[in-house]
Amino acid sequence: MKIIVVNQDHSRTRTYSGSGKRVGVLFCCAFLLSMAVGGGAMYAWLTNNQEHMLTSEGVKNWKQVLDTQQQDLGLVRQQAQNQLDALMLRLSELQGRMTRLDALGERLTSKAKLDDGEFDFNEAPALGGPQEFAEAEAAYSKVSLIEAIDQLADQIDNREEQLDLLDNLISSRTLHDDAFLAGLPVRKGWLSSRYGRRTDPFTGKGAWHNGVDFAGKRGSDIISVAAGVVVWSGTRSGFGLLVEVNHGNGYLTRYAHNDENLVKVGDIVTRGQAVAKMGSSGRSTGPHVHFEVLKNGKPQDPSRYIYRASK
């Protein structure tokens, strides 16, 4: 076998001849020499980097790293659990507020006298609409669960404000309607004297009558013609036992000659509530109720109110 060696500049060449056995031995020597050089380099690297060796110190270091990672993982789990607990509490709060809104809605439905079934708070709202394509869905950005809950809370706040305002409006309207003067001051009885000029039953002379009289059975109910607050309940000269009710907006009604008063000053009365029992106290000729209506302190003809329809 011949081996030709050429110089780097190709100016000279050398030829070596030898058997195949000699060439094999030469290659083996070269291989062993490279292994020795590589092993020495590896030994030097391991000597200078002992932390990478599986020694007791290295195992200890790795254990410390694993312990730190386990602590970090436990902290992440605890934070996640805390966030989940907070979300559950938030959902519970929102559910409670939704229950309140449903109850308020049912009450408003009853107050507003809406038809049965028009607003059913026991069923989910009816929804619908055409199907949207994927391109349209891409226009909306995805929101996290927390953001979705916050948006729901904002919507509930807005609905609560609207329902509270509606409740106040309906309540005010109801109070206004209840304070509207209308109807008779008795459940049973008959008109015995009108408003205006008449003959005085005691003197026989002409006199002015500031109210109307309804005669009836002693002890029968005298009722308030509208909602209001009792501002007088007691005896007054000429009237006998008297009840006065302030209805707001300058209106006041009087119920006189009572046998017994059933209310006291400060009581809130409703339309149709019994405030006294019919009698003949004071300047009276028999069981009846003297009924007056005053607006801003001036007597009004009660017939304008007792014969008009209630709201």
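1. Tryptophan 208 counts as partly exposed because its relative accessibility is 49%, where buried means under 20% relative accessible area, exposed over 50%, and partly exposed in between (1.4 Å probe, protein chains only). The model is a predicted one, in which local features need pLDDT of at least 70 and side-chain atom pairs count only at pLDDT 80 or more, while totals for chains, interfaces and linings use all residues. Residues are numbered from 1 along each chain as its sequence is written, and side-chain values use heavy atoms, with hydrogens and water left out.

2. Aromatic pairs number three (ring centres of Phe, Tyr and Trp, the last by its six-membered ring, within 6.5 Å; planes under 30 degrees apart are stacked, over 60 edge-to-face, the rest tilted). One of them joins tyrosine 195 and tryptophan 208 edge-to-face, at 5.6 Å centre to centre and 80° between the planes. Tyrosine 195 sits in the loop between β3 (190-193) and β4 (196-199), and tryptophan 208 in strand β5 (residues 206-209), 13 residues apart. Strands are DSSP runs of E of at least two residues, numbered from the N terminus. Tyrosine 195 is partly exposed at 24% relative accessibility.

3. Another pair, tyrosine 255 with phenylalanine 291, is tilted, with 5.4 Å between centres and 40° between planes. This pair links strand β10 to strand β13 across 36 residues. Tyrosine 255 is buried at 0% relative accessible area, and phenylalanine 291 is buried at 1%.

4. Two residues deserve a check of backbone geometry. Most residues other than glycine have a negative phi. Histidine 257, however, has a positive phi of about 65°; this residue belongs to strand β10 (residues 251-261) and is buried at 6% relative accessible area. Asparagine 296 has a phi near 55° and lies in the loop between β13 (288-295) and β14 (298-300). Asparagine 296 is exposed, at 58% relative accessibility.

5. Glutamate 244, in strand β9 (residues 240-248), is buried at 7% relative accessibility. Its side chain makes a polar contact of 2.9 Å with that of arginine 236 (N or O atoms within 3.5 Å, one able to donate a hydrogen and the other to accept it; residues adjacent in sequence count only if both atoms are side-chain atoms). Beyond four places in sequence, glutamate 244 touches residues including Val229, Trp232, Leu252 and Arg254, contact being heavy atoms within 4.5 Å.

6. Isoleucine 268 lies in strand β11 (residues 268-269) and counts as exposed at 67% relative accessibility.

Key. Helices (H or I, at least four residues) and strands (E, at least two) are DSSP runs, numbered from the N terminus.
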